[in-house]
There are 2 protein chains.
Amino acid sequence: MRVLAIDPGLTRCGVGAVDGLPGRRVSLVAVDVIRTPAGDPVPERLRGLADALDGWLDQLRPDVLAVEQVFAQVNVRTVMGTAQAAGVAFLAAARFGIPVAVHTPSEVKAAVTGSGRAGKDQVAEMVTRILHLPARPTPADAADALALAVCHLWRGGTPSAGSAGELTPAQQKWAEAARRAGNVGTRR
Amino acid sequence: MRVLAIDPGLTRCGVGAVDGLPGRRVSLVAVDVIRTPAGDPVPERLRGLADALDGWLDQLRPDVLAVEQVFAQVNVRTVMGTAQAAGVAFLAAARFGIPVAVHTPSEVKAAVTGSGRAGKDQVAEMVTRILHLPARPTPADAADALALAVCHLWRGGTPSAGSAGELTPAQQKWAEAARRAGNVGTRR
């Protein structure tokens, strides 16, 4: 199973791909950061990001695109650009016929470090070990994308994405049922 | 000059196109509402919206795409989907080589009614008169899109869009200069 994961952003969008199966060894396929010039109009930046993502999807043909959940609460000034970047990634996946899954930052941290509150350093360190990399991936966005890809593999695939900010009616029902069943873990 | 305007949204996205020049009579080209099923995964909904917008851009070849500004403050539950819809519209315009302009809801209301605090009914009524329509466009999203298109024409084209939620560095400088010159009006 091949997972392409992205940590959405306009200035720096982390992208990482891994191969593996739940519970098995995972291996690095590719990792990078897509950057778009902060001075450019946002439509141009989104086009640059979309073209780059199309290239990744076309070359790597992943089984799933994992996207880090965007929270509206975090930072009002930057969240719109991040939401738009996530939207463009969702669209790219849909056009390639590739399913999308969303994971929260705390799910990702918990999956690779055991703690939903782990720091960036700890996440990067664990990603380096899990993927047997010669050095830590930099910048942090690249490490985050790989952590997200590993998280998706190890969780065995959670239900497909709603938006990057809310759950679909189906996801809400699922989340409710999971909560009642007591196995919700760090999911929201 | 032809303006295609959209009031972004996943459930209902108002689209309206008008022809005209600043200070001259404006005429309706087309108006509709693009809908995507609330039960579908968001990536599929964004694809449906993007494909429909591509169709509008391809058929009408507008000189500019006007997009209503999305505010992060309005409603945390729906704003992410709205931001993603706006992002997909920005991307579509960039891929067609069409410039994008963003206007705030109060700019739009002020342009067509004279008051930045006008209600939906007043906006729809004025749009009907300005465009000499036989009846009010419905639903409200369709009227809003036409009001936005008229607003863009009558303002003679404001600077190009940053994101739907923040200003680009160039826009910030422009807004600052405009504020100092005392001619900022209802712009932000």
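**Note on helix packing, the core and an annotated site**

1. A:Ala52 counts as partly exposed, because its relative accessibility is 23% (buried is under 20% relative accessible area, exposed over 50%, partly exposed in between, with a 1.4 Å probe and protein chains only). The residue sits in helix H1 (residues 42-60) of chain A. Helices here are DSSP runs of H or I with at least four residues, strands are E runs of at least two, and both are numbered from the N terminus. A:Ala52 and A:Ile34 are 18 residues apart in sequence, with 7.3 Å between their C-alpha atoms.

2. The basis of this note is a predicted model, with local features needing pLDDT of at least 70 and side-chain atom pairs pLDDT 80 or more, while totals for chains, interfaces and linings use all residues. Residues are numbered from 1 along each chain as its sequence is written, chains are lettered from A and ligands numbered from 1 in the order in which they are written, and side-chain values use heavy atoms, without hydrogens and water.

3. The UniProt record, an unreviewed entry, annotates A:Asp7 and A:Asp141 as "binding site". Such annotations may be inferred rather than shown by experiment. The two positions are spread over 135 residues of sequence, yet they cluster in space, with a largest C-alpha distance of 6.5 Å.

4. A:Asp7 belongs to strand S1 (residues 2-7) of chain A. This residue counts as buried because its relative accessibility is 12%. Leaving aside residues up to four places away in sequence, A:Asp7 touches A:Arg12, A:Cys13, A:Gly14, A:Glu68, A:Asp141, A:Asp144 and A:Ala145. Contact means heavy atoms within 4.5 Å.

5. A:Asp141 is placed in helix H5 of chain A. At 14% relative accessibility, A:Asp141 also counts as buried. Its contacts, again without residues up to four places away in sequence, are A:Asp7, A:Arg12, A:Gly14 and A:Val33.

6. H5 of chain A (residues 140-154) also packs with helix H3 (residues 105-113) of that chain: the axes come within 9 Å and cross at roughly 75°. H3(A) and H5(A) are therefore roughly perpendicular to each other (65 to 115 degrees; under 35 is roughly parallel, over 145 roughly antiparallel, the rest oblique). H3(A) contributes A:Glu107, A:Val108, A:Ala111 and A:Val112, and H5(A) contributes A:Ala147, A:Leu148, A:Val150, A:Cys151 and A:Trp154. By class, this contact has 8 nonpolar, no polar and 1 charged residues.

7. In chain B, helix H3 (residues 105-113) has B:Glu107, B:Val108, B:Val112 and B:Thr113 buried. The buried residues of H3(B) pack against strands S4 (64-68) and S5 (100-103), and against helices H4 (120-130) and H5 (140-154), of chain B. Just after H3(B), B:Gly114 has a positive phi of about 90°.

8. The largest nonpolar core has 64 residues (a core joins buried Ala, Val, Leu, Ile, Met, Phe, Trp, Tyr and Cys through side-chain atoms within 4.5 Å). A:Ile6, A:Leu65, B:Ile6 and B:Leu65 have the most contacts inside this core. Beyond residues up to four places away in sequence, A:Leu65 touches A:Leu4, A:Ile6, A:Ala89, A:Ala93, A:Ile98, A:Pro99, A:Val100 and A:Ala101.

9. B:Val31 lies in strand S3 (residues 27-35) of chain B. At 31% relative accessibility, B:Val31 counts as partly exposed. B:Val31 and B:Leu4 are 27 residues apart in sequence and 9.4 Å apart, C-alpha to C-alpha. Residues up to four places away in sequence aside, B:Val31 touches B:Val15, B:Gly16, B:Trp56, B:Ala142 and B:Leu146.

Terms used: Axes fitted to C-alpha atoms, helices over the stretch in contact; angles between N-to-C directions. Nonpolar A, V, L, I, M, F, W, Y, C, P; charged D, E, K, R; others polar.
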